[in-house]
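Please examine the sequence and the structure shown below before reading on.

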Amino acid sequence: MAKRNRQKHAGFKNPKTPEISEDGEIVRKKHKVEEHTSQRISPDPAELSNVDSDDEAVFKEPSAYDNLLVTLGSGGKYFSDAYRRRQREEEGKSDSEENEYDDSDSLGGSGWDDSERGSDDESPKIDARESIIEKFGVVVAGEEGEVAEMENDRDTSESEQEHESQVHSNGAVEASECVSSYSMHLGHQISKGEIDELSKKRWKYKWEVSAAENCKWVGTGESFIRDDNLKPGYGLKPSLYRHWLNIYETSEGSDFHTSKERLFFSLCDSYRDILNCSKRPFYHKGHGEDSSTMDAYIMHSLNHIFRTRDLVTQNDTKMAKHKETANDEILSGGGFLDHGFTRPKVLILLPLRNIAFRVVKRLIQLTPSNHKVNVEYLGRFSDDFGAGEAHDNEDDEVFQDVRGSGQKSSKPTDFRALFDGNPDDHFMVGIKFTRKSMKLYSDFYTSDMIVASPLGLITKIGEAEREKDKDVDYLSSIEILIIDHADIIAMQNWSHVNTVVEQLNCLPSKQHGMDVMRMRQWYLDGYARFYRQSIVLGYFLNPDMNALFNQHCLNYEGKVKLVCEYKGVLPKVLIQARQIYERFDADSISEADDARLEYFTKKVFPKIKDSIQGGIMLFISSYFEFVRIRNFLKSQNASFCLLGEYTKQSDISRSRVWFFEGRKKIMLYTERAHFYHRYKIRGIQNLIIYSLPERKELYPEIVNMLEGSHGMTSTVLFSRFDQLRLERIVGSTAAKRMITSEKSVFAFC
């Protein structure tokens, strides 16, 4: 009953009684008067013309009738609409006029899809309010009422104007808007010669700049990385810059100019394609580097979305004032060409729900307060992404050996950090920004940003292929693609990423309410993919990521990527194991798999077959290789058991017992099975690494399983096409020597 009463009266709050002076006027707080006065003295016309439309609010104390409407409006749509009509009447506007960017759908968004939009009864619960505010540091939609929203918006607009007058004095605002990276990038008219050159997909990295230790940035075209960035606010909108700077200083940051956040944001603001697959992730004690990179691409995304909104809003205002000449100007010039096919402009691909929860939580924190007075469906998002059942702990149970003794297998700290929370890999969320609020779970066609997993998008693409009434046209106007934690996605199914990227920037199958008259010309010409910025971030680089970056990222601005020298992980092998590396020859990367299998069947397997010793583990990187070796062992009637990513839990337990007891001579073990479970395999006497793991930290874990064996020997097969994996394990210097040497056998002890 107490809970029900608390929900019933949550929206009815006594309005604060305004303080009245002796002459009957309402008294405002002292600091508000000073700020308001400072804004009215000698305003700069350039500043006033470039202030955000949502920052132009004029303070007016609400009357008793207004307060009543606000109080009633929090409990019903009728009174809420009455309050909005009263506001429009006082401002001299008609009911038909629209001031909200989101309501006009001027970016080509379509109507609501009932199957995908959240319902009102799924809004955040009142009794979960405290935990949500603690997690996100925001106010849940509708909980504080319209009075708090108006006050927040008014305070923000005044401080925003004051900040712009300080940073962009003497008309600098107008100049910065004209030369912003956003305007230059989207305003460029690509030529046919540029299209032909980009279609060749031949990239020449002409310059390099030192980055972190043993790393350097290399790029195409002209170098743009400088230590001094003279752009006001580093190219950010003033409200975003001020908010980010405040957060940075609150977190005890010392120098924002030299911070990792600011440096990586400058890379993003160049609108070039970026490949950084040497980023130390948060689950490997890389919280600082991972968080700074995440902050940078989030601020870049927000900057792009808000500048897009400002451009459309300004053009809408101009067209409303000059209705007679607006159509002629659209036809004659490109000043009003600001639309894409659909509204979504940013797509962020993430592998797991708990990582998406981390990114969206930070997105909310980095959004200025005047844009997130209300965050709709925050409670539902917290339930769907922040919670969840604990990760499968069946393999954490005590594993009993034949002697009846057992030992609980401990998981590495990186495993626990990565899979803590909700590790589900199937999700898709639209995020919509309005003047004063954020809406999670918005319809994809009315969203500004989409956060999804590759599997979630693949499901939507498959539904669109099977059902004629469904489509994925909301991917047609993506201008910024961010693939974060690409290394974890590689442990899932990288082909999903390729399929998703191929669906981006295609011509839509339906109109979706688009305004063709205001469409950018390069959208109509089918050149949108040459304007899309792609940012790929991960812990390691593999050929699939390289191929995606080289073949599907065709940004006319150019490319920049991080190149690093590796020290290797051999010192992390804690036992005195003799590690033998055998190189086999392959003419091309397409023939490498066949050459590896041939070398194994002719050189390695005969030794295994003739040996009476059991306890032979075959560690295999990919499922494709796993299937080929399984079929070969079946054809040879070999004694073996399986432990792969698709093996049932009951079969896994049985295989581990058989292998430990010696009833099965060979065990096939895959990298993905170890990545997702981190099993401690007992009974290994001889380790054969058929293909090196992608993740370097798995190598010492696998080799250390030889502890207690008789020979303590491992054999590794590699070719020159395994250089990326090899250098992460043995080090860049040793890898180059092993690839180019005339010898084909190498030993590490």
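A disulfide is a pair of cysteine sulfur atoms within 2.5 Å. The model is predicted, so local features need pLDDT of at least 70 and side-chain atom pairs count only at pLDDT 80 or more, while totals for chains, interfaces and linings use all residues. Residues are numbered from 1 along each chain as its sequence is written, and side-chain values use heavy atoms, without hydrogens and water.

One disulfide is found in the whole structure. Cys215 and Cys564 form it, with their sulfur atoms 2.1 Å apart. The link is right-handed, with 110° about the S-S bond. Because Cys215 lies in strand β2 (residues 215-219) and Cys564 in strand β13 (residues 559-564), the pair ties together parts that are 349 residues apart in sequence; strands are DSSP runs (E, at least two residues), numbered from the N terminus.

| Residue | Relative accessible area | Class |
|---|---|---|
| Cys506 | 33% | partly exposed |
| Cys641 | 4% | buried |

Cys215 and Cys564 are both buried.

A nonpolar core is a set of buried Ala, Val, Leu, Ile, Met, Phe, Trp, Tyr and Cys residues joined through side-chain atoms within 4.5 Å. The largest has 120 residues, of which Tyr297, Leu347 and Ile431 touch the most other members. A second, separate core of 38 residues includes Tyr669, Ile689, Met712 and Met738.

Conventions: Buried < 20%, exposed > 50% of the residue type's maximum accessible area, 1.4 Å probe, protein only. Helix = DSSP H or I, 4+ residues; strand = E, 2+ residues; numbered from the N terminus.
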